[in-house]
Amino acid sequence: MFSFPEITSSFYYTAAPVLILVAGSMVALLQGVSQGFASRRSIEVTAWLTIFAAIVAAAVIPGEQAEFLAGGLLSGNLARTGQFAILAIAACVMMMMREHHTGASFFRGEVASIFLMLVSGMLVMVSSDDLVTLFVGLELASIGLYVILGYVQPNRRSQEGAIKYFILGSVAAAILLFGFALLYAATGTMRLSGIVAALPSIANHGWVRLGALLTLVGLGFKLALVPFHMWAPDAYESAPTGITAFMATTVKVMILTVALRLFSGAFSTMSEVWYPAMLILAVLSMVVGNIMALVQTNLKRMLAYSSIAHSGYMAVAICALSTTATGLPIRAILFYLLTYVLVSLGAFAVVMSLETAENDQLTIDDLSGLAKKRPWLALSMTVFMFSFGGMPPTAGFIGKFFVFNAALTNHLYGLVFIGIIGSAISLFYYLRLVVRMYMAEPVAPFGALKPASGGFTLTAAVLAIAVVTTVLLGTILPGEVMERLVDTATEVARK
Amino acid sequence: MIPVENYFILSSLVFLCGLAGVMFRRNLIMVLMSIELMLNAVNIIFVAASRHLAQVDGQIMVLFVITVAACEAAVGLAMVIALYRRYGTVNTEFLRLLRG
């Protein structure tokens, strides 16, 4: 006789953020078609209440590992950290969108509804062990992003970017699913942890190897690792900048969480397939990403190529998982991800506070002489560019240090060498921007850029937090943060 | 009895047809259909494996994949219609604003 498993209170604690977001999304959708509550103000109230309630709920997810719905939902440190990070990014992006010229079209019933729904898909993605749930969460997040990309500002550029992102994103999902299907056929389980446990006995089978390889390719596509990066520059350039900031950060958080769950236990058993593939992706991403960023004139496109290069550095740390001592690489990946998210959000916040409706595709030349006109913005951008380039005393330096340290501990000398060369190339275009801001005379009159508003803005608040945290993570906090990541790393490595 | 590997080979071939369609067709409707073909190729593996292992898990997954594929098709077609209204064609050669 079949009986339903008992639903405990800890299940509700774990599922609460997702449930809140889905409920909020439905409310926003209904508001959009209602007579009295469709105004921007009332949609904003719903969106903010939902996101804050979800953040509070995510903060109290139980830290001890438990699984619900046959692995469809996990509690634990990684799930809590991932959910909290994604929700915090979503809240920051909403703050910035509020003051951006696309804000009015973002806070419409259907757009806000899709946004909240896709965030719930991301939360499912970071706290699931089941292939079915993972796939549905991934598609919920991806389809939501395709729609938002082309719909918030429906112009030629964004529609073209959306359809390109749609085609390549769907192909990536299909490839990932093909890999999942072969792994399921070989192991007979839909659980990620079950697959990780079953792989050692069947690792030499041809179809298993193909499945493992395709899974990695699918994840590589979503992480925008070269040669699967073609969608990223187009999507990043064409999207409204707030959505670009959201995409560039949250997608990496959710995909790396899944990658950690899969790779931390299984990378050494499948290293004959995964290690060379990941090595190629890491090297190509660091080299091609940095070189292509060098020749860009569009600011957002340059940041897109730089984010591809940063995915490459994280792939270096994934390569370091090939040995049995996985604690250090896992912590390095998480720390690097944290710095990347902070600095990306900050850099895009700078871009957003300079954009106007007339000039929403800033070039690097547009920033010439910015220090005279907007000294604080120029200073924050300098901190972010230093951090991206890996210069002390910023978080980016410590992040690169941990990644290269993890790789050196595993004797990946060649990879570290290429990484350092890539960093040196990247310094050229990051510092070129700083030089432009401080030394060059304005090429175009500043009329195209948004003048300083004078008062307190939420975008400036996000910026200030990002700057301060970037500097703190580069000076006094890294030891503390790495201590706190030990629990998460041991939890991930145990599985 | 047909060995389960044969289904994997069939599925791989169908999947490659879909991938080739996405890469080489210039008509967006054909590209969308090729994406559907890829997802349905994966369904063959899930059903075959599920039958081979005497489990229902794979078949349940197929239901989800079909649903998700329908959602993707809906969003994709909506985008194609938006592009058709703007350009008067569904050929991918018109998508050349974003370069480099």
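Trainee: How do you know that chain A and chain B are in contact?

Mentor: This is a predicted model, and in it 37 residues of chain A are in contact with 32 residues of chain B. A pair counts when the C-beta atoms, placed from the backbone, lie within 7 Å, so those residues of chain A and chain B qualify by that cut-off.

Trainee: Which helices of chain A each supply at least two residues of the side that touches chain B?

Mentor: They are α6 (131–151), α7 (156–187) and α10 (231–238). With 19 residues, α7(A) gives the most to that side.

Trainee: And what makes residues of that side nonpolar, polar or charged?

Mentor: Residue type decides: Asp, Glu, Lys and Arg count as charged, for instance, and Gly as polar. On that basis the side of chain A that touches chain B divides into 22 nonpolar, seven polar and eight charged residues.

Trainee: Now within chain A. Why do we speak of domain 1 and domain 2?

Mentor: Because the bounds come from an automatic or database domain assignment, and for chain A that assignment gives domain 1 (8–129) and domain 2 (219–494).

Trainee: How far apart do the C-alpha centres of those domains lie, then?

Mentor: They lie 25 Å apart in chain A. The contact takes 23 residues from domain 1 of chain A and 26 residues from domain 2 of chain A.

Trainee: Which element gives the largest share of the domain 1 side?

Mentor: That's α3(A), with 15 residues. Both α3 (77–99) and α5 (109–126) of chain A supply at least two residues each there. The residues of that side of domain 1 divide into 13 nonpolar, eight polar and two charged.

Definitions and conventions. Residues are numbered from 1 along each chain as its sequence is written. Chains are lettered from A and ligands numbered from 1 in the order in which they are written. This is a predicted model: local features need pLDDT of at least 70, side-chain atom pairs count only at pLDDT 80 or more; totals for chains, interfaces and linings use all residues. Two residues are in contact if their C-beta atoms, placed from the backbone, lie within 7 Å. Helices (H or I, at least four residues) and strands (E, at least two) are DSSP runs, numbered from the N terminus.
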